[in-house]
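Subject: Structure handover

Hello,

Here is the structure I promised to pass on. Please open it alongside this email; my notes follow below.

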Amino acid sequence: MLHYPVINLFCFHFQTYKLHIYFSLQTIFMAFTVCYLLLLPLLGSFFMVAYGNLNQHFDITWGEGRAKIPNNGELLTLSLDKASGSGFESKNEYLFGNIDMQLKLVPGNSAGTVTAYYLKSPGTTWDEIDFEFLGNLSGDPYILHTNVFSQGKGSREQQFYLWFDPTADFHTYSILGILSALCIFSVDGTPIREFKNSESIGVPFPKSQPMRIHSSLWNADDWATRGGLVKTDWTQAPFTASYRNFKADACVWSNGASSCSSNSPSSTTSTWFSQELDSTNQQRLKWVQNNYLIYNYCTDMKRFPQGIPPECNV
Ligand SMILES: *[C@@H]1O[C@H](CO)[C@@H](O)[C@H](O)[C@H]1NC(C)=O
């Protein structure tokens, strides 16, 4: 069960996020050495990497023919018209790891449409990590809306503008769960938001409920664009969003067990990683937060008159 590409990818992310290792190793070269020589036998069984064929990894869940997987599974498209939107979900449930998907959003006048792409566990005390793309009139900016639910509690929105036109080409949107420590949203490898584990101050963290990937394209013109002022122009329908290059470098949950080692990865591997982004990625995160963040629940005093949520002070 030891796949070299698995380790390759793992080490790639390792380098991307330049996670510090709790060995006294300083350089990337040494990090790679550690990956290959030391962690290889240990991590080999922790992560499963899934690529490619979208047919293999996703089921279309609604929309009666509005969702398609053409080109032998290389592409997935969702569409929306006046009668219905459409959606899909992953066959697998995931626990930890990094999940990448490339999306190209509804072009032109996409006002009123929402493309949601998220991880969610079932049940009434669910965990959920959301990307939602709120469409706009031609030439006006999309809003990237994010949220984190733990044990059924959300209301942790952060919204961003993007530094590119998300309808002109595919871009990679990733959700990285670093074991039980940290959850990172990133866009083309740039972290835009982190949600840290604040269990020590009583805030549940989405770490133990396996989640499926879900996505849907639907009409939300009662709220999505300029707070609902701009309605969907149905003469532009059908609206289409596209997906490709799915890659899950993650622990898969099946039949009540994780594909990762029988040892709890949270207790075993977390000791090997720093629980923070390195300084380069901290700076990139700050750049996004300074220049593109347009709403942050943590600074919305009006909404939380009794005080902002506790995780905001961490
Ligand atoms: C749409 O464009 C308007 C005007 O530029 C902007 O205020 C708004 O944030 C944009 N995005 C959405 C989803 O409303």
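Start with Val 114. Leaving out residues up to four places away in sequence, Val 114 touches Glu 132, Phe 133, Leu 134, Gly 135, Trp 218, Ala 220 and Ala 224. Val 114 belongs to strand E5. Is Val 114 buried or exposed? Val 114 is buried, because 24 other C-beta atoms lie within 10 Å, and the cut-off for buried is 20 or more. Val 114 and Ser 216 are 102 residues apart in sequence, yet their C-alpha atoms are 8.0 Å apart in space.

One caution before going on: this is a predicted model.

**Strand pairing**

Strand E5 covers residues 113–120 and pairs with strand E12, residues 211–219. The pairing is antiparallel and has 8 bridges. Tyr 118 has His 214 as its bridge partner in E12. Ala 116 stands opposite Ser 216, also in E12.

E5 has another partner, strand E6, residues 128–134. These two strands run antiparallel and are joined by 7 bridges. Here Leu 119 stands opposite Ile 129.

E12 also pairs with strand E4, residues 86–104. That pairing is antiparallel over 6 bridges. Glu 93 has Arg 212 as its bridge partner in E12.

In a regular strand, side chains alternate between the two faces of the sheet. Keep that in mind when you look along these strands.

Next, Leu 80. Leu 80 sits in strand E3, residues 75–80. How many other C-beta atoms lie within 10 Å of Leu 80? There are 28, so Leu 80 is buried. Leu 80 and Thr 113 are 33 residues apart along the chain, and their C-alpha atoms are separated by 8.3 Å. Thr 113 is also among the residues Leu 80 touches.

The peptide bond from Ala 237 to Pro 238 is cis, with omega near 0 degrees. Pro 238 lies in the loop between E12 and E13.

Most residues other than glycine have a negative phi, and most peptide bonds are trans. Glu 64 is in the loop between strand E2 (58–62) and E3. Asn 71 is in the loop between E2 and E3 as well. Glu 64 counts as exposed because it has 9 C-beta neighbours inside 10 Å. Asn 71 counts as exposed because it has 11.

**Core and overall fold**

The largest nonpolar core has 52 residues. Those with the most contacts inside this core are Tyr 94, Ile 99, Met 101, Leu 103, Phe 133, Ala 250 and Cys 251. Strand E13, residues 239–254, gives the most to this core, with 8 residues. In soluble globular proteins, nonpolar side chains tend to be buried together.

The chain has 5 helices and 15 strands. Of its 314 residues, 36% count as buried. Take the contacts between residues at least 6 apart in sequence: 70% of them join residues at least 24 apart.

**Ligand**

Which residues surround the ligand? They are Leu 134, Asn 136, Asp 140, Pro 141, Ile 143, Ala 224, Thr 225 and Arg 226. By class, this shell has 4 nonpolar, 2 polar and 2 charged residues.

**Confidence**

The mean pLDDT of the chain is 84. Of its residues, 79% reach 70 or more. Two stretches need care. Over residues 1–45, pLDDT stays under 50, and the model has 51 contacts for them beyond four places in sequence. Over residues 262–273 the pLDDT is below 50 too, with 21 contacts beyond near neighbours in sequence. Where pLDDT is low, the predicted coordinates should not be read in detail.

Best wishes

Note on methods:
Residues are numbered from 1 along each chain as its sequence is written. This is a predicted model: local features need pLDDT of at least 70, side-chain atom pairs count only at pLDDT 80 or more; totals for chains, interfaces and linings use all residues. A residue is near a molecule or strand if its C-beta atom, placed from the backbone, lies within 6 Å of it. Ala, Val, Leu, Ile, Met, Phe, Trp, Tyr, Cys and Pro count as nonpolar, Asp, Glu, Lys and Arg as charged, and the others, Gly among them, as polar. Two strands pair if DSSP finds at least two bridges between them. Helices (H or I, at least four residues) and strands (E, at least two) are DSSP runs, numbered from the N terminus. A nonpolar core is a set of buried Ala, Val, Leu, Ile, Met, Phe, Trp, Tyr and Cys residues joined through C-beta atoms within 7 Å. A residue is buried if 20 or more other C-beta atoms lie within 10 Å of its own, exposed if 12 or fewer, and partly exposed in between; C-beta atoms are placed from the backbone. Two residues are in contact if their C-beta atoms, placed from the backbone, lie within 7 Å. pLDDT is the predictor's confidence in each residue, from 0 to 100.
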